[in-house]
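We'll walk through it together, one spot at a time.

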Amino acid sequence: MGKMEDSLARFIDLPVIADPRGNLCVAEGGRHVPFDIARVYYLYDVPSGSIRAGHAHKALHQLLIAVSGSFDVTLHNGHRSETVTLNRPHRGLLIGPMLWRDLDNFSSGSVCVVLASLAYDEADYIRDFGDFQAAARR
């Protein structure tokens, strides 16, 4: 696991089994991913210019992986923001609770896989940025 000093972004490099027939990447909850995986979903066929996410979570942890192509993730903690590009199928971006996220700049054919620590719960979402900023400053 890697973390840049004072960075909002925390990366996890997943193990890769290299093989001439094609590489295999592994992500096991509680081993490679620092939480039990309760849900997996993916974004694909995102139209050019679209922005996905636009919310924060109160308790959920996620690992975002660009398994194909690339996209940008902008994180905001209520005080400052940081944008990173995901473009490696073996490197995930760990996002903890109370970080606002926006995903954009999707390349053609990109696929974003998300490993989540909890099942879907609408009550865990903060969908208004003003509400998020107020909660983050408490």
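Let's call two residues "in contact" when they have heavy atoms within 4.5 Å of each other. Before we use that, a word on what you're looking at: this is a predicted model, where local features need pLDDT of at least 70, side-chain atom pairs count only at pLDDT 80 or more, and totals for chains, interfaces and linings use all residues. Residues are numbered from 1 along each chain as its sequence is written, and side-chain values use heavy atoms, with hydrogens and water left out.

Start with His57. You'll find His57 in strand 6, residues 52-57 (helices, H or I with at least four residues, and strands, E with at least two, are DSSP runs numbered from the N terminus). Is His57 buried or exposed? Buried, with a relative accessible area of 1%; the word means under 20%, while exposed means over 50% and partly exposed is in between, using a 1.4 Å probe and protein chains only. If we skip neighbours within four places in sequence, His57 is in contact with Gln62, Pro97, Met98, Arg101, Asp124 and Tyr125. With one of them, Asp124, there is a polar contact between side chains at 2.9 Å. A polar contact is a pair of N or O atoms within 3.5 Å; within protein, one must be able to donate a hydrogen and the other to accept it, and residues adjacent in sequence count only if both atoms are side-chain atoms.

Met98, on that contact list, deserves a stop of its own. Met98 sits in the loop between strand 10 (91-95) and strand 11, and is partly exposed at 25% relative accessibility. What's curious about its backbone? Most residues other than glycine have a negative phi. Met98 has a positive phi of about 60°, although it is not a glycine. Asn105 also has a positive phi of about 60° without being a glycine. Look for Asn105 in the loop between strand 11 and strand 12 (111-116), where Asn105 is exposed, with a relative accessible area of 53%.

The largest pocket has a volume of about 220 Å³. Of the 13 residues lining this pocket, the closest to its centre are Tyr41, Leu43, Arg52, Ala53 and His55. Strand 5 (39-44), strand 6, strand 7 (62-68) and strand 11 (100-104) each give two or more residues to the lining, and strand 6 has the largest share, three residues. Here's how the search works: on a 1 Å grid over the protein atoms alone, a pocket is an open set of points with protein on both sides within 12 Å along at least five of seven lines, whereas a cavity is a set of points where a 1.4 Å probe fits but cannot get out; lining residues have an atom within 4 Å of a point. Grid points are joined across faces, edges and corners, and a volume is the space filled by probe spheres set on the points.

Next, the charges. Side chains of opposite charge can pair when their charged atoms come close. If we ask for a side-chain nitrogen of Lys or Arg within 4 Å of a carboxyl oxygen of Asp or Glu, we have a salt bridge, and the count comes to five. Among them is Glu122 with Arg127, whose closest N and O atoms are 2.8 Å apart. Another is Glu28 with Arg31, at 3.3 Å; Glu28 is partly exposed at 35%, and Arg31 is exposed at 60%. Then there's Glu82 with Arg80, at 3.9 Å. Glu82 is buried at 14%, whereas Arg80 is partly exposed at 37%.

How many disulfides are there? Zero, in a search of the whole structure. A disulfide needs a pair of cysteine sulfur atoms within 2.5 Å, and the sulfur of Cys25 is 14 Å from the closest cysteine sulfur, in Cys112, so the two are too far apart for a bond. Cys25 is partly exposed at 34%, while Cys112 is buried at 0%.

Finish at Thr85 in strand 9, residues 81-86, which is partly exposed at 45%. Leaving aside neighbours within four places in sequence, Thr85 is in contact with Ser70, Phe71 and Asp72. The side chains of Thr85 and Asp72 make a polar contact at 2.6 Å.
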